[in-house]
Amino acid sequence: MKIIVCVKQVPDTNEVRIDPVKGTLVREGVPSILNPDDKHALEAALRFKDADPAARIVVLSMGPPQAEEALRECLAMGADEAILLSDRAFAGADTWATSNTLAAALRKIGDYDLVFAGRQAIDGDTAQVGPQLAERLGIPQVTYVQRIERRDGKLTVERQLEDGHEVIEVGLPCLLTAIKELNEPRYMSVGGIYDAFGEKTVAVWGLKDLGVSPDQVGLEASLTQVQRSFTPEPKGQAVRLSGTAAEMAEALVGSLAHRHVI
Amino acid sequence: MDFQVSKEQELVRKLVRAFAEREVKPLAAEVDAQHRFPAETVAQLKRYGFTGMIVPKSYGGAGADEIAYAIAVEELSRVCAATGVIVSAHNSLALWPLLRFGTEEQKERYLRPLADGRKLGAFALTEPNAGTDAAGQQTCAVLDGGEWVLTGTKIFITNGGEADTYVVFAMTDRAKGTRGISAFVVERPAPGFAIGKVESKMGIRGSSTAELVFDGLRLPKDALLGKQGEGFKIAMTTLDGGRIGIAAQALGIAQGALDESVKYTRQREQFGKPIAKQQALQFMMADMETRVQASRHLVYHAAWCKASGRPYGKEAAMAKLFASETATWVTERAVQLHGGYGYTSDYPVERMMRDAKITEIYEGTSEVQRMVVSAALLK
Amino acid sequence: MAAVVILQDKCVGCGLCAKACPFDAIDLDKGARKASINEKCTACGSCFESCKKFGAIVHGARRKAKADLSEYRGVWVYVEQRAGVVQPVAVELLGEGRRLADALGVELSGVLLGEGIEPLAREAIELGADRVFLCESPALAGYTTDGHTKALDALVRAHKPEILLFGATHIGRDLAPRLAARVDTGLTADCTKLEIDPADRKLLQTRPAFGGNVMATIVTPNNRPQMATVRPGVMKKAEAKPGRAGEIVRFDAAVGAGDLRTRVLEVVRSARPCCAIEEAEIIVSGGRGLGKPEGFELLQRLADKLGATVGSSRACVDAGWIGHERQVGQTGKTVKPRLYIACGISGAIQHLAGMSSSDLIVAINKNPDAPIFSVADYAIVGDLYEVVPALIQALDRKESLAELIASRAAA
């Protein structure tokens with residue numbers, strides 16, 4: 001069984017602040033991390049491998065050369081090989097162009113039984129690349145997957161809904177996007193870390209390796225464009241209550257009740 | 001000169017920090033309060049390769065280097081010193097002598113299950129009358145019909161009450177003094193081997209510190225580790241390396257207390273501003289940071305010496321001496337910075353202060369370290 | 001998203017853009033005093049603002065439209081229905097779609113896919129649709145990606161809308177990207193604001209980007225339809241006008257069972273009902289400052305007293321202290337209750353993105369500089385473990401306390 005897991009290295013947007021004076025992003029000290037949903041995707045793949053040691057897991061990412069760090073982490077968690085799609089031509093891709101590029105890589109890898117991706121990346125939160133990649137590959141998709149079972153060569157998966165879930169049967173190959181509820185990702189292991197820099201490799205593929213024309217990737221292929229971006233306006237000054245906890249609580253409850261909010 | 005850690009070491013730190021923050025830290029106060037050995041953590045340590053860090057993969061270990069190992073003990077101790085010493089005693093004191101002095105058969109039989117975490121290890125040298133003066137061993141082993149028969153009592157044995165495999169030192173020829181001491185590999189359970197008193201301690205209460213009682217314990221002939229009479233050398237070289245582990249533990253405790261202090265002084269307000277804005281406290285933290293960094297350089301340097309095959313006895317002694325005294329100094333100041341809250345168990349610094357003290361005592365007191373350093377200096 | 005170009009003739013090498021870039025994607029050549037974009041660029045657009053003064057940063061050269069865009073007319077809304085019930089977000093989209101259609105001077109159409117759902121078509125017309133494309137087939141009875149994608153693809157090719165909107169629900173976010181890839185058009189996720197550019201009829205799609213730290217306005221210049229998913233709870237609901245006239249167009253998309261590669265075996269409504277935090281009038285929300293999962297028990301007590309729902313910041317959800325269905329913020333729910341009480345929430349911008357449009361915000365935090373106070377109406381600097389119990393007590397006397405406030409105001 002060959003499983004491809006698509007991952008992304010992202011800035012930890014939890015750690016980002018806006019400079020209250022200048023209204024700009026404070027980037028300093030924001031670490032790059034393996035996208036959280038992607039970790040759940042990799043864990044799901046690793047569990048297939050736990051059950052079937054002959055399974056092979058290939059992690060695939062598109063990004064700058066530094067994204068290799070995230071791939072090494074995946075190898076240290078137990079993935080078998082890693083491929084980084086990195087080329088200046090890939091830069092500035094929207095989800096349409098990204099899924100095009102990933103699809104080209106998947107076709108080159110070939111013979112996959114299962115493709116995993118995280119539901120969405122925390123830097124864009126679009127949740128679009130998974131379904132668009134599935135469409136490019138012409139395979140079925142199930143998104144928001146919270147449970148997976150393998151039965152008679154097919155998968156029975158639970159897809160999360162806002163108010164419950166549906167149980168879906170899907171054949172292989174297919175693409176699944178993972179959410180947090182799917183599993184608890186393992187840590188890297190110490191031995192895995194040494195393997196990740198030893199016997200395992202991160203292959204880097206550029207435009208030429210994929211054999212696609214430059215107008216099918218990156219900026220050239222993107223169908224959307226950012227017209228403008230801005231930081232949200234802050235509100236006016238708050239009423240600052242003072243005194244002891246009890247005094248502040250009384251002032252607040254009084255004010256809210258007076259304004260008929262409660 | 002290159003102070004950059006390797007990519008592997010950097011990832012090991014990332015792994016251990018994540019593991020420590022999520023798995024170890026939430027239990028730290030509880031295992032301390034209840035004097036409870038964190039068995040659930042130990043089960044996890046095995047899964048992620050902390051039980052055989054410096055053992056080659058061919059023996060079921062993780063194949064990490066000494067610096068990565070020091071980083072791991074440091075990061076674990078940063079949130080829970082008891083977990084730090086469980087790992088340190090297992091790796092430095094039980095696995096290492098087996099790796100260094102064991103025969104192929106002994107490595108397969110004893111080292112592999114320790115490295116892959118099926119078994120937990122301990123090191124038994126100290127006796128009621130043989131502490132710093134380790135040569136005064138009372139425990140003895142005699143050959144009887146092709147088997148060794150072990151009799152005596154060991155005390156203050158880290159992991160003592162929980163381990164499965166012990167490296168035990170005993171007199172095989174009292175007339176020869178230190179050259180009459182031999183090392184044995186002992187497995188539990190076995191008739192003639194009992195766990196005695198489990199100590200109630202000031203700190204590192206999650207670790208099991210126990211008395212071992214051998215009463216005619218019969219060991220196969222190949223339980224002898226190294227040659228007969230080599231025990232004292234094995235003990236001393238093992239402790240040289242063990243000191244790096246304890247130094248790393250002390251470093252972690254100090255770093256943890258410093259991190260808590262930075263966090264607290266930024267939050268805590270007095271006189272209408274965070275107390276971190278008070279220069280008296282800023283200077284105190286500057287001194288803490290400086291000493292912690294100095295400890296770190298000594299610890300990593302000693303680990304680097306060991307990893308690169310250089311002599312490291314003096315370096316390990318200096319690292320342990322300085323890091324342990326720094327841990328005590330820094331944690332005491334951390335409590336001071338926390339004021340009254342620091343004296344309560346609501347904040348971790350009081351635990352860290354209690355935990356720090358032992359690092360000046362075990363695996364050679366500060367006085368022993370000074371003996372080692374001065375002996376090297378004046379030889 | 002799209003791409004960014006630095007016009008070298010306008011760039012003065014000031015470096016402001018490099019500082020503004022969250023991805024470290026702008027290199028500065030100090031010698032030549034020029035900035036350039038490197039391969040880390042995700043085209044998030046954060047740099048545009050930083051270069052307002054020089055205007056050196058623009059979106060990249062675009063390829064030309066392949067098709068005649070003027071062939072595409074009209075605004076469409078995917079009227080999401082589950083088990084024969086039009087979803088609230090579809091009602092919001094019909095309201096918003098109406099507004100956009102009027103701005104463009106075109107018709108608003110609803111798209112309904114399912115089986116035995118003709119009454120819903122009437123409902124959509126009463127909610128503002130001029131026309132409803134009704135696709136009924138047993139193969140469309142329940143939602144499947146394959147079935148609904150195929151039907152919509154056929155509809156779009158046949159009738160060519162210029163705008164197609166979906167709710168950013170678990171269905172909309174499954175379907176819209178797949179469809180956009182099939183019809184080869186751009187898609188913008190999770191929009192919180194839609195406008196028409198009067199100059200060229202383009203749909204301006206505004207959404208939080210980079211974890212909610214910036215807002216980005218995105219366009220699809222050369223492809224049609226312009227597709228967007230819209231975050232539930234953001235747009236104003238359409239009001240039904242009983243008896244409103246409209247046209248129902250039946251469309252046979254020829255979707256059969258053979259088209260479906262997934263099979264829904266069962267649909268389970270969660271035993272633990274989702275707390276419907278989007279619907280709550282009052283929310284008591286907790287953050288990292290709770291320090292421990294048990295803190296939510298205290299918040300629940302306050303919530304019970306207020307008839308409120310308990311919410312959470314992302315940090316607590318990530319820590320496993322509370323379920324994700326309680327999460328408010330960029331990656332959680334967008335809420336706009338009458339009253340939002342933030343306890344121990346520092347106010348990371350992605351949290352603010354989900355709650356800052358609440359009518360009234362109370363923030364309780366130890367740190368007087370916490371960003372949450374910048375959106376708060378009432379600020380309490382203090383330990384929530386002291387303040388919240390005091391609030392619970394004070395609520396027993398809210399009438400007399402209100403009178404006290406009234407008399408003080410009068411004085």
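In chain C, strands β2 (residues 26-29) and β3 (residues 34-37) run antiparallel and are joined by four bridges; strands pair if DSSP finds at least two bridges between them. Helices (H or I, at least four residues) and strands (E, at least two) are DSSP runs, numbered from the N terminus. The model is predicted: local features need pLDDT of at least 70, side-chain atom pairs count only at pLDDT 80 or more, and totals for chains, interfaces and linings use all residues. Residues are numbered from 1 along each chain as its sequence is written, while chains are lettered from A and ligands numbered from 1 in the order in which they are written.

**The hairpin of β2(C) and β3(C)**

- I26(C) stands opposite I37(C) of β3(C).
- Four residues lie between the two strands of this hairpin, and R33(C) takes a positive phi near 55°.

**Chain C as a whole**

- Chain C contains 11 helices and 22 strands.
- Along the principal axes, its C-alpha atoms fill a box of roughly 65 × 65 × 45 Å.
- Of the 411 residues in chain C, 55% are buried; a residue is buried if 20 or more other C-beta atoms lie within 10 Å of its own, exposed if 12 or fewer, and partly exposed in between, with C-beta atoms placed from the backbone.
- Among contacts in chain C between residues at least 6 apart in sequence, 64% join residues at least 24 apart; two residues are in contact if their C-beta atoms, placed from the backbone, lie within 7 Å.
- The domain assignment of chain C gives domain 1 (4-63), domain 2 (69-259) and domain 3 (277-408), and such bounds come from an automatic or database domain assignment.
- The centres of domain 2 and domain 3 of chain C, taken over C-alpha atoms, are separated by 35 Å.

**The seven-stranded sheet of chain C**

- Seven strands of chain C form an open sheet with parallel pairing, in the order β11-β15-β10-β5-β8-β9-β16.
- Its edge strands are β11 (187-191) and β16 (247-250) of chain C, each of which pairs on one side only.
- Neighbouring strands of this sheet are turned by 25° against each other on average, direction ignored; axes are lines fitted to C-alpha atoms, for helices over the stretch in contact, and angles run from 0 to 180 degrees between N-to-C directions.
- Strand β9 (residues 131-136) of chain C runs parallel to β16(C) and is joined to it by four bridges, with F133(C) opposite V249(C).
- Helix α3 (residues 88-104) of chain C lies across β5 (75-78), β8 (108-114), β10 (163-167) and β15 (226-230) of chain C, at about 175° to β5(C).
- Helix α6 (residues 172-183) of chain C also packs on the sheet, where it touches β5, β10, β11 and β15 of chain C and makes about 165° with the direction of β15(C).

**The six-stranded sheet of chains A and C**

- A second open sheet has six strands with parallel pairing, in the order β15(A)-β22(C)-β21(C)-β20(C)-β18(C)-β19(C).
- β15 (239-241) of chain A and β19 (309-312) of chain C stand at the edges with a single partner strand each, so one side of each has no neighbour in the sheet.
- From one strand to the next, the twist averages 20°.
- Within it, β21 (residues 360-365) and β22 (residues 378-381) of chain C pair in the parallel sense over four bridges, and I364(C) has I380(C) as its bridge partner.
- Helix α7(C) packs on this sheet, touching β18 (282-286), β19 and β20 (339-343) of chain C, and its direction makes about 170° with that of β18(C).
- E297(C) is placed in helix α7 (residues 295-306) of chain C, and it counts as exposed because it has 11 C-beta neighbours inside 10 Å.

**Where chain A meets chain C**

- In this interface, 82 residues of chain A are in contact with 98 residues of chain C.
- Helix α8 (residues 245-258) of chain A supplies 12 residues, the largest share of the side of chain A that touches chain C.
- Seven bridges join β11 (residues 164-170) of chain A to β17 (residues 262-269) of chain C, and these strands run antiparallel.
- I168(A) has V264(C) in β17(C) as its bridge partner.
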